[in-house]
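Biologist: Could we go through this structure together, one topic at a time?

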Amino acid sequence: MPWYAWAYLALLCLIGAGGFVAGLREGRAWLAFLHLAAVTVLAWGVALYFRGEGAGIAFGLALLCAIAVLARKSFADTRLAGDGQIAPAGQLGVALGQLLLVPGAVLGVLAFWMQRGG
């Protein structure tokens, strides 16, 4: 794998760990574990893509669930930011974290597509 793939995987690990710790601090352990699992699926998709391996149906379903979990968290964070429960600096951090997850989802979809003969 190229160096930038490793760098992006490290960034995904930081985002996943940060979301996990934030969820635990809020007292939402179940949602924190779901967020961590979703980011792990994205990281696995990035690794599969850069290794040139395809991904099967099980990964496709896991990726779909991960995207749904991350979208739900995104809407919840947006609602909290609108209510003023997140500081402006925190809002920027949340937005950047959500933006940085998009390439992981795209690379996971591409890994799935490669397996299907795309």
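**The surroundings of His-35**

Modeller: Leaving aside residues up to four places away in sequence, His-35 touches Ile-15, Gly-16, Gly-19, Phe-20, Val-69, Leu-70 and Lys-73. Please keep in mind that this is a predicted model.

Biologist: Which helix is His-35 found in?

Modeller: His-35 belongs to helix H2.

Biologist: And is His-35 buried or exposed?

Modeller: His-35 counts as buried, because its relative accessibility is 6%, and buried means under 20%.

Biologist: What about the chain as a whole, how much of it is buried?

Modeller: Buried residues account for 31% of the 118 residues in the protein chain. The chain exposes about 7200 Å², and carbon and sulfur atoms supply 72% of that area.

Biologist: Let me change topic. How many helices and strands are there?

Modeller: The protein chain has four helices and zero strands. Read from the N terminus, the order of elements is α-α-α-α.

Biologist: What are the overall dimensions?

Modeller: Taken along the principal axes, the C-alpha atoms fill a box of roughly 45 × 30 × 20 Å. The radius of gyration of the protein chain is 15 Å, which agrees with a compact globule, because a globule of 118 residues would have a value near 13 Å.

Biologist: How many of the contacts join residues at least 24 apart?

Modeller: Among contacts between residues at least 6 apart in sequence, the share that joins residues at least 24 apart is 71%.

Biologist: Now the largest pocket. What is its volume, and which residues lie nearest its centre?

Modeller: The volume of the largest pocket is about 860 Å³. Its lining consists of 33 residues, and those nearest the centre are Gly-19, His-35, Lys-73, Asp-77 and Gln-98. The elements that give two or more residues to this lining are helix H1 (3–25), helix H2 (29–51), helix H3 (57–82) and helix H4 (88–115).

Biologist: Which helix gives the largest share of the lining?

Modeller: Helix H3 does, with 11 residues.

Biologist: How does the lining divide into nonpolar, polar and charged residues?

Modeller: In the lining of the largest pocket, 19 residues are nonpolar, eight are polar and six are charged.

Biologist: What separates the C-alpha atoms of Ala-68 and Ala-38?

Modeller: These C-alpha atoms of Ala-68 and Ala-38 are separated by 8.8 Å, while the two residues are 30 residues apart along the chain.

Definitions and conventions
Residues are numbered from 1 along each chain as its sequence is written. This is a predicted model: local features need pLDDT of at least 70, side-chain atom pairs count only at pLDDT 80 or more; totals for chains, interfaces and linings use all residues. Side-chain values use heavy atoms; hydrogens and water are left out. On a 1 Å grid over the protein atoms alone, a cavity is a set of points where a 1.4 Å probe fits but cannot get out, and a pocket is an open set with protein on both sides within 12 Å along at least five of seven lines; lining residues have an atom within 4 Å of a point. Grid points are joined across faces, edges and corners, and a volume is the space filled by probe spheres set on the points. Ala, Val, Leu, Ile, Met, Phe, Trp, Tyr, Cys and Pro count as nonpolar, Asp, Glu, Lys and Arg as charged, and the others, Gly among them, as polar. The radius of gyration is taken over C-alpha atoms; the globule rule is 2.2 Å times the number of residues to the power 0.38. Buried means under 20% relative accessible area, exposed over 50%, partly exposed in between (1.4 Å probe, protein chains only). Contact means heavy atoms within 4.5 Å. Accessible areas come from the Shrake-Rupley method with a 1.4 Å probe; for residues, only the protein chains shown count as cover.
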